[in-house]
Amino acid sequence: MSDAPAILPERGIADRLTALFWRHPRLLLAVLLTPPLLWLGVVYLGSLFALLLQSFYSIDEFSGVVKEEFTLKTYAELFRAQNMDIILRTLLMSAAVTIGCAIIAFPIAYFAARFARGKWKAVFYLGVMLPLWSSYLVKVYAWKLILAKEGIITWAADGVGLSMVLNAILAIPGIGGNSLSTSPLGTFIVFVYVWLPYMILPMQAALERVPTSMLEASADLGASKAQTFRTVILPLAMPGVIAGSIFTFSLTMGDYIIPQIVGTSARFIGLAVYQLQGTAGNIPLAAAFAVVPIVIMLIYLTIAKRKGAFDAL
Amino acid sequence: MTAAVEFQNVSRHFGPPSAPVRAVDGVDLTIAEGSFFAMLGPSGSGKTTCLRLISGFEKPTGGTIRIFGQDVSDIPPNRRNVNTVFQDYALFPHMNVRDNVGYGLMVKGIDRRTRERRAEEMLSLVKLEGYGDRKPAQLSGGQRQRVALARALVNEPKVLLLDEPLGALDLKLREAMQDELKALQTRLGITFVFVTHDQGEALSMADSLAVFNEGKIAQIGTPAEVYARPSTRFVADFVGSSNVLSPEVTRAFGGPQKWSSLRPEALRLTPADGVALAGTVTSIRYLGAGSRISVMLHGTEVAALLPAGQPLPEPGTTVGLSFDPAALHVMDQV
């Protein structure tokens with residue numbers, strides 16, 4: 001028999017704290033949660049609320065002074081043709097970028113989740129994350145050069161005799177333009193490039209949680225690969241696709257740099273907010289514009305939920 | 001009558017050809033139509049790989065597999081009329097129980113009304129009426145197992161494969177499910193191929209069974225044959241934890257100088273004086289329905305199973321052993 005005591009002696013402050021938290025489990029929760037809740041509540045939700053409040057003020061057209069009275073006048077301004085144009089353009093671009101990202105990200109995420117092991121997994125993570133390590137501005141300016149009329153894409157298209165195709169694409173009204181770097185298509189390409197990692201990672205995480213036996217069960221019961229994809233893989237990956245699309249959608253809606261550098265100089269919501277609160281000094285309208293993406297995201301998530309996108313959560 | 005499943009010299013090797021891992025190595029096997037066939041073996045013995053070869057999730061690296069006489073080398077899983085109850089059940093979490101069970105019909109393009117009716121029939125077959133609207137996450141382990149069974153049976157497969165389906169259930173439920181599976185198989189007449197590492201399960205349910213060891217079949221036969229007449233030391237030891245006696249010990253027990261096996265329940269304890277077989281009791285394990293006595297003699301530990309109610313010897317005392325000579329099974333193979 002060992003003569004060790006049945007109860008071990010307390011060894012200072014760490015043991016005393018352990019005992020305290022063991023006796024009062026909620027205390028630990030409170031200690032852990034108070035700082036982030038304060039941050040969320042005051043800094044995060046507080047500023048959001050301030051933003052909302054601003055959007056219900058209006059600006060005096062002559063003096064340019066903000067009138068701190070409740071009104072819906074500013075929101076009514078959003079429905080002017082030129083502002084609706086901005087909202088619609090942003091919405092279409094965000095949707096296109098999200099769909100583009102989802103289509104490109106899926107095979108990559110699927111490969112990483114199902115087949116990549118060990119070294120290849122590391123290569124995958126590195127490949128996805130590496131672009132995030134360099135400055136966003138550098139990447140966008142690099143793309144401007146790549147897409148320019150004198151850029152490598154035009155040069156390569158000439159080289160392989162595909163300049164006809166490139167010109168035909170650029171001639172399509174609505175997405176084409178003088179060159180790729182001054183066309184909506186160019187803006188789209190750069191948006192897809194910069195937000196792609198935000199789509200790949202949640203998709204990969206969702207696909208990783210689908211056990212192989214589930215795909216086998218589907219094939220076992222007679223499903224073709226396409227049926228398995230539609231009825232098992234896609235629904236189970238949906239929460240990841242939605243998480244990724246929240247990133248790509250909202251990041252595109254809020255961005256004000258890419259549309260300035262690449263594309264026609266047509267305005268997007270981000271750019272409008274930037275100009276309204278800066279040069280124009282119209283904080284209420286800027287705030288109202290800023291509310292638009294929030295509302296669109298809420299509508300989007302409600303529809304996604306209705307459609308059962310979160311059933312597999 | 002054609003065999004439901006036939007393996008001809010089937011191998012499945014993994015890894016580089018220079019140093020292959022022989023998961024399945026030259027297996028010959030015939031499973032009769034309508035039988036309940038068990039594949040028994042320790043983990044890594046190749047039994048699950050054999051099952052996956054039948055379902056098509058593994059391709060053989062050598063040999064031929066036939067299902068009802070047809071070579072299935074080029075047939076993908078979805079075209080084999082063979083369904084599987086997976087070890088982890090693999091129920092689709094985003095579908096309710098009814099849609100899970102009806103899945104096999106849905107991918108065949110059968111209309112919703114028909115497949116819902118069929119799903120309900122299958123659910124009542126596994127005694128889960130009224131559970132159609134639940135999600136798999138709302139079911140207990142035993143219920144999920146039944147759903148997996150119903151889902152696999154809805155396509156009326158020619159062969160039903162069961163990959164350790166009872167492994168995750170507790171003892172009581174496992175025994176009840178054993179009876180039910182057996183009854184279901186008899187009623188439906190479908191060929192069942194059942195993979196298990198539990199020899200009791202295999203013996204009690206199967207019409208015939210194959211004992212796997214290191215990618216090969218050690219013995220094929222009816223449960224009674226395999227239990228009473230194990231062909232190798234491995235089978236004797238794995239099926240029913242027999243006493244495996246070396247040629248010398250077999251001789252001392254009155255047999256020829258060959259390896260043999262002797263069931264613990266065939267041994268009886270006698271007073272030690274004047275008996276040829278006497279040894280020292282080393283340990284006693286209480287099993288409820290009886291006790292397992294280990295006796296050391298001729299340098300070998302021999303186990304005897306005594307029914308409950310008999311007086312037990314003290315560890316360290318010397319006891320004699322007797323048995324019916326017919327119970328000593330001499331093995332030709334080593």
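This is a predicted model: local features need pLDDT of at least 70, side-chain atom pairs count only at pLDDT 80 or more; totals for chains, interfaces and linings use all residues.
Leaving aside residues up to four places away in sequence, B:T250 touches B:L245, B:G255, B:P256, B:Q257, B:K258, B:W259, B:S260 and B:V330. The residue itself sits in helix α9 of chain B, which covers residues 247-252. B:T250 counts as buried because 22 other C-beta atoms lie within 10 Å, and the cut-off for that label is 20 or more.

For the complex as a whole, the predictor reports an ipTM of 0.84 alongside a pTM of 0.80.

Over in chain A, the secondary structure comes down to 14 helices and two strands. The chain's radius of gyration is 26 Å, whereas a compact globule of 313 residues would come in near 20 Å. Taken along the principal axes, the box filled by the C-alpha atoms of chain A is roughly 90 × 60 × 40 Å. Buried residues make up 31% of the 313 in chain A. Contacts tell another part of the story: among those in chain A that link residues at least 6 apart in sequence, 71% join residues at least 24 apart.

Technical notes:
Residues are numbered from 1 along each chain as its sequence is written. Chains are lettered from A and ligands numbered from 1 in the order in which they are written. Helices (H or I, at least four residues) and strands (E, at least two) are DSSP runs, numbered from the N terminus. The radius of gyration is taken over C-alpha atoms; the globule rule is 2.2 Å times the number of residues to the power 0.38. A residue is buried if 20 or more other C-beta atoms lie within 10 Å of its own, exposed if 12 or fewer, and partly exposed in between; C-beta atoms are placed from the backbone. Two residues are in contact if their C-beta atoms, placed from the backbone, lie within 7 Å.
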